[in-house]
Amino acid sequence: MLNQLGIEESEVPKLCLDLYKEYGTTMAGLKVMGYEFDNDEFHEYVHGRLPYEKLKPDPLLRNLLLSMPHRKIIFTNADKAHATRALNRLGLEDCFEGIICFETLNPSSDSNTQILCKPSVEAFEAAIRIADIVDPRKTIFFDDSIRNIASAKATGLKTVFVGESVLVPGADYALSSIHNIKEAIPDLWEDNKDEKLEPIVQQAAVATMVNA
């Protein structure tokens with residue numbers, strides 16, 4: 001933003017936060033404002049500076065995910081390289097069927113088009129189609145963002161707010177830690193129920209738990 005887009009250094013921190021809150025990501029907000037830049041270069045610069053070494057393997061979460069008898073898919077605003085690297089650091093790379101990420105929702109090679117991402121309802125609707133989910137009401141979405149939870153609920157998904165044990169608008173469940181999932185939602189491990197659930201576990205919720 002400073003070196004390539006000519007934005008004043010004093011304005012960058014507040015603008016990053018404001019755009020994130022309004023559009024879901026700083027990148028998406030910059031596109032709406034009319035700035036032109038290469039999406040891959042943006043991701044490489046931002047994620048290339050992250051301290052991935054702080055992420056450690058989480059064998060407890062790994063065992064929970066592998067024992068859950070349902071489909072599990074990552075849904076993230078990040079690019080696939082970042083999501084994959086984070087999962088590898090956590091030891092969760094083989095716990096998910098797939099990753100719905102920036103490239104999935106924005107397949108166009110035109111870097112100047114507006115970006116589709118959470119928390120827009122359209123992004124959730126697209127993810128539901130891509131994941132081939134027939135009935136969103138039988139799918140659980142985990143996230144640590146109140147806005148994402150509200151949008152997910154608007155599309156019919158069951159929702160779990162991760163990070164606090166207090167329900168937020170649109171949340172069906174609230175977990176202080178993702179490690180509490182089996183105690184809070186034991187039905188996910190009941191494979192003989194008539195009403196099957198297809199959980200979607202979102203990567204940011206995992207990261208929130210690890211950082212806590």
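In this predicted model, the charged end of Lys118 sits over the ring of Phe75, 4.9 Å from the ring centre. A charge counts as over a ring if NZ of Lys or CZ of Arg is within 6 Å of the ring centre and within 35 degrees of the ring normal. Residues are numbered from 1 along each chain as its sequence is written. Because the model is predicted, local features need pLDDT of at least 70 and side-chain atom pairs pLDDT 80 or more, whereas totals for chains, interfaces and linings use all residues, and side-chain values use heavy atoms, without hydrogens and water.

Phe75 also belongs to one aromatic cluster with Phe124 and Phe141. The structure holds four aromatic pairs (ring centres of Phe, Tyr or Trp, the latter by its six-membered ring, within 6.5 Å; planes under 30 degrees apart are stacked, over 60 edge-to-face, the rest tilted). The rings of Phe124 and Phe141 have centres 5.1 Å apart and planes at 80°, so this pair is edge-to-face. Since Phe124 lies in helix 7 (residues 121–130) and Phe141 in strand 3 (residues 140–143), the pair ties together parts 17 residues apart in sequence; helices (H or I, at least four residues) and strands (E, at least two) are DSSP runs numbered from the N terminus. Both Phe124 and Phe141 are buried, that is, under 20% relative accessible area with a 1.4 Å probe, protein chains only.

The largest nonpolar core has 22 residues, of which Leu92, Phe96, Phe142, Val160, Ile181 and Leu188 touch the most other members. Such a core is a set of buried Ala, Val, Leu, Ile, Met, Phe, Trp, Tyr and Cys residues joined through side-chain atoms within 4.5 Å. Apart from this core lies another, of 18 residues, including Phe141 and Ala123.

Terms used: Buried means under 20% relative accessible area, exposed over 50%, partly exposed in between (1.4 Å probe, protein chains only).
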